[in-house]
Amino acid sequence: MSGGRIKTGTRVTQGLLLEHQERHKNFVNGVRDGRKMILRRCDLSGLDLNGLDLRGAEFLACDFTGATLRYANFSGAQLLASRFDQADLTDCDFSRAGMRATTFQYADLSGVQLLETDLRDCTIVDDETNLSGDPIASS
């Protein structure tokens, strides 16, 4: 099992994502030549991450705007300062993930698992809350 390969400041394509995910899956399962997925300041907007196993991966300041992540497993992952604006996170597992300073503007958080997840300094905005998380007054 070798160390992670760091991608920085890249537009990630669907093909590149799947290639790295396969190596990461091998890393998680202890398979020889597996590599931990580490992405910094990468653009993953609009990609399909449905059902991917990304346990323990690192996504630092990455943009997942408009991505589809249904049933993806990010347990134990680090997703610091990342953006999930308008993303479909239905039934994602973020248990024990580090998600400090992450934004979720108009994201679908239906069924998301957040057991022991670090959500300090996060921003969650939907039709019922404003940027500070306070309810919007009805007219």
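**Exercise 1. Surroundings of Y106**

Task: List the residues in contact with Y106, leaving aside its neighbours within four places in sequence, and state whether Y106 is buried, partly exposed or exposed.

Solution: 
1. The model is predicted: local features need pLDDT of at least 70, side-chain atom pairs count only at pLDDT 80 or more, and totals for chains, interfaces and linings use all residues. Residues are numbered from 1 along each chain as its sequence is written, and side-chain values use heavy atoms, with hydrogens and water left out.
2. Contact means heavy atoms within 4.5 Å. Under the stated exclusion, Y106 is in contact with Q86, V125, D126 and D127.
3. Y106 belongs to the loop between strand 4 and strand 5 (123-125). Helices (H or I, at least four residues) and strands (E, at least two) are DSSP runs, numbered from the N terminus.
4. The relative accessibility of Y106 is 44%, so this residue counts as partly exposed. The classes are buried (under 20% relative accessible area), exposed (over 50%) and partly exposed in between, with a 1.4 Å probe and protein chains only.
5. G66 is 40 residues from Y106 in sequence, and the two C-alpha atoms are 9.8 Å apart in space.

**Exercise 2. The chain as a whole**

Solution: 
1. Taking contacts between residues at least 6 apart in sequence, 21% join residues at least 24 apart.

**Exercise 3. Aromatic pairs and the core**

Task: Count the aromatic pairs, describe the geometry of F59 with F64 and of F74 with F94, and find the size of the largest nonpolar core.

Solution: 
1. Rings of Phe, Tyr and Trp (its six-membered ring) pair if their centres lie within 6.5 Å; planes under 30 degrees apart are stacked, over 60 edge-to-face, and the rest tilted. The count is seven aromatic pairs.
2. F59 and F64 are edge-to-face, with 5.3 Å between centres and 70° between planes. F59 is buried at 0% relative accessibility, and F64 is buried with a relative accessible area of 0%.
3. F74 and F94 are stacked, with 5.2 Å between centres and 15° between planes. Both residues lie in the loop between strand 3 (58-60) and strand 4 (103-105), so the pair ties together parts 20 residues apart in sequence. F74 and F94 are both buried.
4. Ring pairs join F59, F64, F74, F84, F94 and F104 into a cluster.
5. A nonpolar core is a set of buried Ala, Val, Leu, Ile, Met, Phe, Trp, Tyr and Cys residues joined through side-chain atoms within 4.5 Å. The largest has 31 residues, and F59, L69 and F74 have the most contacts inside it. Helix 1 (14-28) and strand 2 (37-40) are the elements that give two or more residues to this core.
6. Beyond four places in sequence, the contacts of L69 include F64, F74, F84 and L89.

**Exercise 4. Salt bridges**

Task: How many salt bridges does the structure hold, and what are the N to O distances for E22 with K25 and R70 with D88?

Solution: 
1. The structure holds nine salt bridges.
2. E22 and K25 meet at 3.6 Å, N to O. Being three residues apart in helix 1, they are separated by about one helical turn. E22 is partly exposed at 38% relative accessibility, as is K25 at 30%.
3. In the bridge of R70 with D88, the closest N and O atoms are 2.7 Å apart. Both residues lie in the loop between strand 3 and strand 4, 18 residues apart. R70 is partly exposed at 33%, whereas D88 is buried at 16%.

Methods:
Salt bridge = Lys/Arg side-chain N within 4 Å of Asp/Glu carboxyl O.
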